[in-house]
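Here is a short briefing for a first look. Start with the sequence and the structure below, then read on.

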Amino acid sequence: MPEGVDVLDARTQEVLDAVRTIIANVIGEDYVQELEIDMDTSFHEDLDIESIEFVALGEALGERYGERVDLAGWIASMDVDDIIDMKVGRLVEHIVSCDG
Amino acid sequence: MADVTVDGVRFNVVQLGPPPDVPRAGPPVVFVHGLIVDNLSSFYYTLAPVVARQVDVLCYDLRGHGRSDRPLTGYRLEDAVADLSGILDATGLTGPVQLVGNSFGGTIVLSTALWAPQRVAAIALIEAHPAFDGWADGMVEDLEDLVEGFDGPGMRDYIASEAPRKMRSMIDCCEDLVAKSSLPADFRLSRPMPAADLSGVRCPSLLLYGDCSDILDRGFALADALPCSELRIIEDCTHSLLMEAPDVVARHVVPWLADPAHQVPPCDMGRTVPA
């Protein structure tokens, strides 16, 4: 294990894998193939994701994990800077936190 | 997120709402976004989830926008009203709904209230462009200026080689709609909406405009023309009111929609226009 790389627990790794797959479906396999998507990947800076793609991502996550994930409600509670700075890891952690 | 097909055109539709076993506090609310660079996300991340705590909500990408199909024809205002009616039919929303429109979405909402009044319980317009005389020419001129900007010095090289994916997607959408589709011609062919006709709109209407908006005069004109209207002017905001102050817009729109007096037309409320 390279130094500085966090080991993810099984549930977090599983959600990260699912999020990766859905991102690829939404924004296109070709584009995503050029990128390494991990917990530190920024939706804005790295993926250059469009707002409507983020909606599609949220809806796909809702279908997979149920309405408790409520991405629209979660995003609506954030300020603009939080949304712009969002990383894949924050979304993954939100989904994991909805497990309860 | 689901696809709804109306007359062969596929629309991207998102429906939100309270859990199925919770009684709805009013009619469904349908959000209609603005032109070209806009899509349903501008409501999905602002008003829609707040309203969806109480009632069913539908957001959709207009023809040619977002993740809906981008056909080369069908961009008259009456086409937009037919699209909206078709989406409501396809999703089972056959009773009157409350419509919320932003900018050009407000034009569509006004057109629907005028030409398909049986569909509409109330309308909330955010920085709406009424399609009065000269509307089409003004819109087309602005859109053509926007697209001409892509031919500026070095722009084509930049777009082809360096522009971020998101920017290229936005530029493709602009060029498809403005330079390739019938949208500019269709705007000019759209059925006129004279101010005098708006006196026939009997549903309650809320009008929100920024005090620094370049189309604030349309707010006053609509407040004069619509019999059951209430004009509210938001301080320190421009035409981008929804993006600049989503919380303020929500504080005005959400309770207004929830007021039972605004859920069933026709209204008998008086007009409220600032002095």
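**Fold of chain A**

The elements of chain A, read from the N terminus, run α-α-α-α-α-α. That gives chain A six helices and zero strands; helices (H or I, at least four residues) and strands (E, at least two) are DSSP runs, numbered from the N terminus. This is a predicted model: local features need pLDDT of at least 70, side-chain atom pairs count only at pLDDT 80 or more, and totals for chains, interfaces and linings use all residues. Residues are numbered from 1 along each chain as its sequence is written, and side-chain values use heavy atoms, without hydrogens and water.

- The C-alpha trace of chain A spans about 35 × 35 × 25 Å along its principal axes.
- Buried residues (under 20% relative accessible area, 1.4 Å probe, protein chains only) make up 44% of the 100 residues in chain A.
- Of the contacts in chain A with a separation of 6 or more, 62% join residues 24 or more positions apart; contact means heavy atoms within 4.5 Å.

**Interface of chain B and chain A**

- On chain B, 17 residues are in contact with 20 residues of chain A.
- The rule finds two salt bridges across this interface (a side-chain nitrogen of Lys or Arg within 4 Å of a carboxyl oxygen of Asp or Glu).
- B:Arg165 forms a salt bridge with A:Glu53, with the closest N and O atoms 2.7 Å apart.
- Elements giving two or more residues to the side of chain B that touches chain A are β2 (9-16), α1 (41-44) and α7 (165-180) of chain B.

Notes
Chains are lettered from A and ligands numbered from 1 in the order in which they are written. Buried means under 20% relative accessible area, exposed over 50%, partly exposed in between (1.4 Å probe, protein chains only).
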